[in-house]
Amino acid sequence: MSMPERGRLAGKTAVVTGAAGGIGRELVLALLREGASVAALDIDDGRLAALADQCAERELATRLSTSRTDISRYEECEEAIAHARSQFGGPHILINNGAMGMGVIRRDHMVELIGIQEITPGMWDQFTATNYSGAWYMTRAAIDGMLANGWGRIVNVTTSFFTMLRSKFHPYGPAKAGLEAISAGQAEEFAGTGVTVNVVVPGGPTDTPMVPEESGFDRGALISPSAMVPPIVWLCSEAGDDATGHRYVAADWDPACEPDAAAAACRAPIAWPDLAHNPVWPGGKPQA
Ligand SMILES: NC(=O)c1ccc[n+]([C@@H]2O[C@H](COP(=O)([O-])OP(=O)(O)OC[C@H]3O[C@@H](n4cnc5c(N)ncnc54)[C@H](O)[C@@H]3O)[C@@H](O)[C@H]2O)c1
């Protein structure tokens, strides 16, 4: 049994996808430090084992479970949610963070961008199944429990609008644009239920394995993956009760500010709602 904890997330169960990656690892450690129990999911067994070792050293391991879960496969998402529920209860918090980066296609993709001929249909399908469908699958598997509890937090990690629209950044960019649209619709679908849906992005290239050394960046100039922690922990805590439908840019979170003010200063509505008005619609306006 784990020791009772007093953090801002004590008693909560969080599920984090892509948990063994650069940002995922920071999130898992932060959520554990805040008192949550965490189910850490990834397809990288070696890095998951390293994460478990790191938590054992810090005596956080009693509230951690790690499992090899491929979010591009719906059955595995369902199993992971059921396992988290049986082990810790909930889940109350879902962080859809797992994704494939363009370096999977070619590691120097930032230096020489990737054109359509270099992308096989199989790669396209795997990217979209992971970066787009994976978050929907996880939310689909977790949502009934959250709605039944009348409390839930869904955080979707997308990317900068620049990357979504960038030429020769497919399938990564468009798949993330799709997840941004899913997030906007689900924030509205779950409004008033106690389940919030928000997007958090780093705000630019971040110092994680997703940005290969071959990118040619000065690593010190990249955003630290730990920048994602303050907005995500804030959203998952009671302070985030009324925050839904927002998009937070982590690099703009000012640690010198009081958290509510820092959150208010780095957010905007999810996606592009200003473009979503007034379609030509038979009989008047579409149902909101
Ligand atoms: N690093 C950046 O510059 C940057 C910028 C903007 C947004 N992001 C987003 O941040 C999130 C975290 O990325 P990161 O920078 O930590 O990269 P990362 O490559 O370090 O971590 C991503 C993790 O996702 C896992 N993953 C890949 N496919 C999976 C699957 N099918 N099922 C389960 N897990 C899978 C990988 O094994 C990896 O551990 C991603 O959603 C990414 O798109 C990153």
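Axes here are lines fitted to C-alpha atoms, for helices over the stretch in contact, and angles run from 0 to 180 degrees between N-to-C directions. By that description, the axes of α3 and α4 come within 8 Å and cross at roughly 35°. The model is predicted: local features need pLDDT of at least 70, side-chain atom pairs count only at pLDDT 80 or more, and totals for chains, interfaces and linings use all residues. Residue numbers start from 1 along each chain as its sequence is written. Helices (H or I, at least four residues) and strands (E, at least two) are DSSP runs, numbered from the N terminus.

**The sheet**

- An open sheet is formed by eight strands in the order β3-β2-β1-β4-β5-β6-β7-β8, with mixed pairing; two strands pair if DSSP finds at least two bridges between them.
- The edges are held by β3 (64-68) and β8 (267-269), each with a single partner strand, so one side of each has no neighbour in the sheet.
- From one strand to the next, the twist averages 20°.
- Strand β1 (residues 13-17) and strand β4 (residues 93-96) run parallel and are joined by three bridges.
- V16 has I95 as its bridge partner in β4.

**Helices on the sheet**

- Helix α4 (residues 121-149) packs on the sheet and touches β1, β4, β5 (152-157) and β6 (195-201); residues are in contact if their C-beta atoms, placed from the backbone, lie within 7 Å.
- The direction of α4 makes about 170° with that of β4.
- Helix α7 also packs on the sheet, touching β1, β4, β5, β6 and β7 (246-249).
- The direction of α7 makes about 155° with that of β5.

**Contacts between helices**

- Two packed helices are described by the angle between their axes and the distance between the axes.
- α3 passes α4 in a right-handed crossing; a crossing is left-handed if the near helix is turned anticlockwise from the far one by less than a right angle, and right-handed if clockwise.
- On the α3 side, Y74, C77, E78, I81 and R85 meet Y137, M138, A141, A142 and G145 of α4.
- This contact of α3 with α4 divides into seven nonpolar, one polar and two charged residues; Ala, Val, Leu, Ile, Met, Phe, Trp, Tyr, Cys and Pro count as nonpolar, Asp, Glu, Lys and Arg as charged, and the others, Gly among them, as polar.
- For α4 and α6, the axes come within 7 Å and cross at roughly 20°.
- That angle makes α4 roughly parallel to α6; angles under 35 degrees count as roughly parallel, over 145 as roughly antiparallel, 65 to 115 as roughly perpendicular and the rest as oblique.
- The crossing of α4 and α6 is right-handed.
- F127, T128, N131, Y132, A135, W136 and T139 of α4 make this contact with Y172, A175, K176, G178, L179, I182 and Q186 of α6.
- The α4 and α6 contact has eight nonpolar, five polar and one charged residues.
- α1 and helix α7 (residues 229-236) pack at about 45°, with axes 10 Å apart, and are therefore oblique to each other.
- Their crossing is right-handed.
- E26, L27 and A30 of α1 make the contact with V229, I232 and V233 of α7.
- By class, the α1 and α7 contact has five nonpolar, no polar and one charged.

**The ligand shell**

- The ligand is surrounded by 33 residues, and the closest are G18, G21, A99, T208 and M210; a residue is near a molecule if its C-beta atom, placed from the backbone, lies within 6 Å of it.
- The elements that give two or more residues to the shell are α1 (22-33) and β2 (37-42).
- α1 provides the largest share, three residues.
- The shell residues divide into 15 nonpolar, 14 polar and four charged.

**Backbone features**

- Most residues other than glycine have a negative phi, and most peptide bonds are trans.
- G90 and P91 are joined by a cis peptide bond, with omega about -5°.
- P91 has its place in the loop between α3 (74-88) and β4.
- The peptide bond from H170 to P171 is also cis, and omega is near 0°.
- P171 lies in the loop between α5 (161-165) and α6 (172-189).
- K168 lies in the loop between α5 and α6, and its phi is near 60°, a positive value in a residue other than glycine.

Conventions:
Contact = placed C-beta atoms within 7 Å.
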